[in-house]
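Subject: Structure handover and notes on the helix packing

Dear colleague,

Please find below the structure I promised to pass on to you, together with its sequence.

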Amino acid sequence: MKFAALSPAQLLRASIGVAVVTILLKGAAGYVTNSMGLISDAMESFVNLASATFALAMVTVAARPADEDHPYGHHKAEYFSSGFEGILIIGAAIAIIWVAVLRLLSPQPLEQLGWGLGLSILSSAFNGALAFVMFRAARTHRSIALESDARHLVTDVWTSAGVVVGIVAVGLTGWLWLDPVLAIGVALNIAREGVKLVWRSSQGLMDEALDPESLALLHATLERFAAGVPEGAQLRFDDIVTRRAGQRRFADLHMHVPGAWSLQRAAGLRDGLEKALMDAVPGLRVTIQLLPLGMEARATRKEATP
């Protein structure tokens with residue numbers, strides 16, 4: 001079975017398991033070395049566990065079918081997962097900075113660096129492998145929850161790499177102040193990633209338009225459809241509006257046809273265009289309003305600014 005073909009829920013369960021393993025490994029590394037950098041790295045793994053657990057809950061909600069109260073489905077639930085993960089990351093960064101400042105004011109020697117670094121590198125290998133799989137699956141499922149979790153795991157890997165380099169530097173130089181300074185650097189790095197996740201979540205909740213690649217594909221499909229039917233020269237498309245909601249994509253547009261056409265003829269072309277668009281853009285739900293040439297819909301007219 002290809003890992004990218006696993007469902008988002010299955011991958012997030014795997015993420016929870018990996019988070020538990022990395023907490024144990026990094027916690028042990030921090031304990032045996034007394035390194036603030038490694039301890040801060042372990043604290044971030046608790047964020048991984050909490051965010052993966054919440055993401056699993058939101059992906060489960062997002063998979064529910066549309067109902068009477070949510071006729072467009074529950075896909076936006078994934079954005080809550082991304083925002084929650086970002087807030088947790090920012091909170092963890094603040095806690096790490098607080099503890100690191102205390103250690104900076106009162107430096108302490110490091111111990112058993114070999115064991116600590118080995119455990120940290122092993123945990124990073126787990127995170128890196130899982131992140132690779134989740135990135136591929138996120139593209140397949142168009143899941144922001146998977147992508148957010150994968151990005152956090154990559155941040156964790158880079159964080160661990162920086163900690164390892166710093167710990168080696170402390171061992172070579174004996175400069176104990178490098179350890180808490182490194183922890184502060186780790187905190188600032190993960191805080192930046194947390195802000196990005198919160199921002200992206202907010203944009204999704206505010207009905208952000210489709211990405212440029214999907215928009216280009218949509219316009220290309222419209223041109224290809226018009227060129228492929230005998231009546232194509234008489235058709236006109238405008239007022240194209242798009243939005244994203246988790247794995248689902250939406251597009252609304254107007255198709256103008258000659259007013260003398262029968263409704264059956266126009267509706268037949270519309271059905272063919274809807275199928276072409278939904279086949280071309282994965283996860284697309286399209287609504288096409290028929291209008292006679294020369295007429296514009298009242299809803300599209302710009303309202304005057306008060």
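In what follows, a helix axis is a line fitted to the C-alpha atoms over the stretch in contact, and an angle between two helices is taken between their N-to-C directions, on a scale from 0 to 180 degrees. Please keep in mind throughout that this is a predicted model.

Overall architecture

The protein contains 8 helices and 3 strands, and from the N terminus on these elements follow one another in the order α-α-α-α-α-α-α-β-β-α-β. With a radius of gyration of 26 Å, well over the 19 Å that the globule rule gives for 306 residues, the protein is more spread out than a compact globule. The C-alpha trace spans about 85 × 55 × 35 Å along its principal axes.

Helix α1 and its two partners

Helix α1 covers residues 8–33 and helix α5 covers residues 144–173; their axes come within 11 Å of each other and cross at roughly 20°. Because angles under 35 degrees count as roughly parallel, α1 and α5 are therefore described as roughly parallel to each other, and the crossing in which α1 passes α5 is left-handed. On the α1 side the contact is made by Pro 8, Leu 11, Leu 12, Ser 15 and Lys 26, while α5 contributes Leu 146, Asp 149, Asp 156 and Ser 160. Sorted by class, the contact of α1 with α5 has 4 nonpolar, 2 polar and 3 charged residues.

The packing of α1 against α4 has its axes 9 Å apart, at an angle of about 165°, which makes α1 roughly antiparallel to α4. The crossing of α1 and α4 is left-handed, and the residues of this contact divide into 19 nonpolar, 8 polar and 1 charged.

Both of these helices have end-to-end distances that agree with their residue counts. For α1, 26 residues at 1.5 Å a residue should span 38 Å, and the end C-alpha atoms are 36 Å apart, which agrees. For helix α4 (residues 113–141), the 29 residues should span 42 Å at 1.5 Å a residue, and the end C-alpha atoms are 41 Å apart, which agrees as well.

Where the helices end

After α1 comes Asn 34, whose phi is positive, near 65°, and after α4 comes Arg 142, whose phi is also positive, near 55°. Although Pro 109 and Asn 34 are 75 residues apart along the chain, their C-alpha atoms are separated by 7.4 Å. If its neighbours within four places in sequence are left aside, Pro 109 is in contact with Thr 33, Asn 34 and Leu 176.

Helix α2 against α5

Helix α2 (residues 36–62) packs with α5 at an angle of about 175°, with the axes 10 Å apart, which makes α2 roughly antiparallel to α5. The α2 residues in this contact include Gly 37, Leu 38, Asp 41 and Val 59, and among those of α5 are Asp 149, His 152, Asp 156 and Ser 160. By class, the residues of the contact of α2 with α5 divide into 8 nonpolar, 8 polar and 4 charged.

Technical notes:
Residues are numbered from 1 along each chain as its sequence is written. This is a predicted model: local features need pLDDT of at least 70, side-chain atom pairs count only at pLDDT 80 or more; totals for chains, interfaces and linings use all residues. Side-chain values use heavy atoms; hydrogens and water are left out. Helices (H or I, at least four residues) and strands (E, at least two) are DSSP runs, numbered from the N terminus. Angles under 35 degrees count as roughly parallel, over 145 as roughly antiparallel, 65 to 115 as roughly perpendicular and the rest as oblique. A crossing is left-handed if the near helix is turned anticlockwise from the far one by less than a right angle, and right-handed if clockwise. Contact means heavy atoms within 4.5 Å. Ala, Val, Leu, Ile, Met, Phe, Trp, Tyr, Cys and Pro count as nonpolar, Asp, Glu, Lys and Arg as charged, and the others, Gly among them, as polar. The expected span of a helix is 1.5 Å times one less than its number of residues. The radius of gyration is taken over C-alpha atoms; the globule rule is 2.2 Å times the number of residues to the power 0.38.
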